[in-house]
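Please consult the sequence and the model alongside the text.

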Amino acid sequence: MTISRRSWRGAGTFVAAAVVGLTGGVISVGPAAAHTPTWAVTCSEVTVDLTNYTGGVPNTVTVTVDGEDLLPTETFGREFHKKLTLPEHDQPVTVRLVVKDAAGDGEYSIDKTKTAAVCDKPSPTPSQPTPTEPAPSESTGTPEPSATPSEKPSEPAPAVPAPSPSAPNLAETGSSSSTPIIGGAAVAVLLAGGGIMWSVRKRRTAQN
């Protein structure tokens, strides 16, 4: 059986059209699945990852905690990645993620909420008691030698000042400077008395 060139051309055109149609179908499905955002909430932070959005259009993302802005409305293009720290809280809080897709009719816009639990606080570590030092026992050994004397010579004691010449004389103890004069006067008195007595005896002898 002989196939003409015209028949081969027709078959080739049909195959090419089928391939293009199949490829177009795969491409059109791809972006739809890729628009699903990923975000996670723990007791202390929020992680947001948005990928494969339409670039060149003002897509927006907003994150709130119990109605208060954690991430004010921010514009992004094809991708957005951010990690946010939650404020301290002593009870569970509600985290809300709002993503607006600006391409087409915005069919990939989302508005979701999650609950952030309270973080467990670590229990305080008990402080170790300070060990008390044992009281020193009475020493029965030999006393420790005294500290080694300093090699530096000690300073000489200040000299005693000489008494001022105007100061009154101290009370004299022992012999005085007038003692020889008094002794000489006493000897003279004795000699004079002895001479008088000798003269009287001599006169009495002469009269007898």
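The sections below treat the basis of the model, the sheet and the histidine in turn.

## Basis of the model

The model is predicted: local features need pLDDT of at least 70, side-chain atom pairs count only at pLDDT 80 or more, and totals for chains, interfaces and linings use all residues. Residues are numbered from 1 along each chain as its sequence is written, and side-chain values use heavy atoms, with hydrogens and water left out.

## The open sheet

Three strands, in the order β1-β2-β5, make up an open sheet with antiparallel pairing. Because β1 (38-41) and β5 are at the edges with a single partner strand each, one side of each has no neighbour in the sheet. From one strand to the next, the twist averages 5°. Strands here are DSSP runs of E with at least two residues, numbered from the N terminus, and two strands pair if DSSP finds at least two bridges between them.

Six bridges join β2 (residues 45-50) to β5 in the antiparallel sense. Thr47 has Lys83 as its bridge partner in β5.

The loop between β5 (80-85) and β6 (93-100) contains His89. This residue counts as buried because its relative accessibility is 19%, buried meaning under 20% relative accessible area with a 1.4 Å probe and protein chains only.

The side chain of His89 reaches the backbone oxygen of Pro87 at 2.8 Å. A polar atom of that side chain also lies 3.4 Å from the backbone oxygen of Cys43. Apart from neighbours within four places in sequence, His89 is in contact (heavy atoms within 4.5 Å) with Cys43, Ala116, Ala117 and Val118.

How values were computed:
Helix = DSSP H or I, 4+ residues; strand = E, 2+ residues; numbered from the N terminus. Buried < 20%, exposed > 50% of the residue type's maximum accessible area, 1.4 Å probe, protein only. Polar contact = N/O pair within 3.5 Å; in protein donor to acceptor, adjacent residues only side chain to side chain. Axes fitted to C-alpha atoms, helices over the stretch in contact; angles between N-to-C directions.
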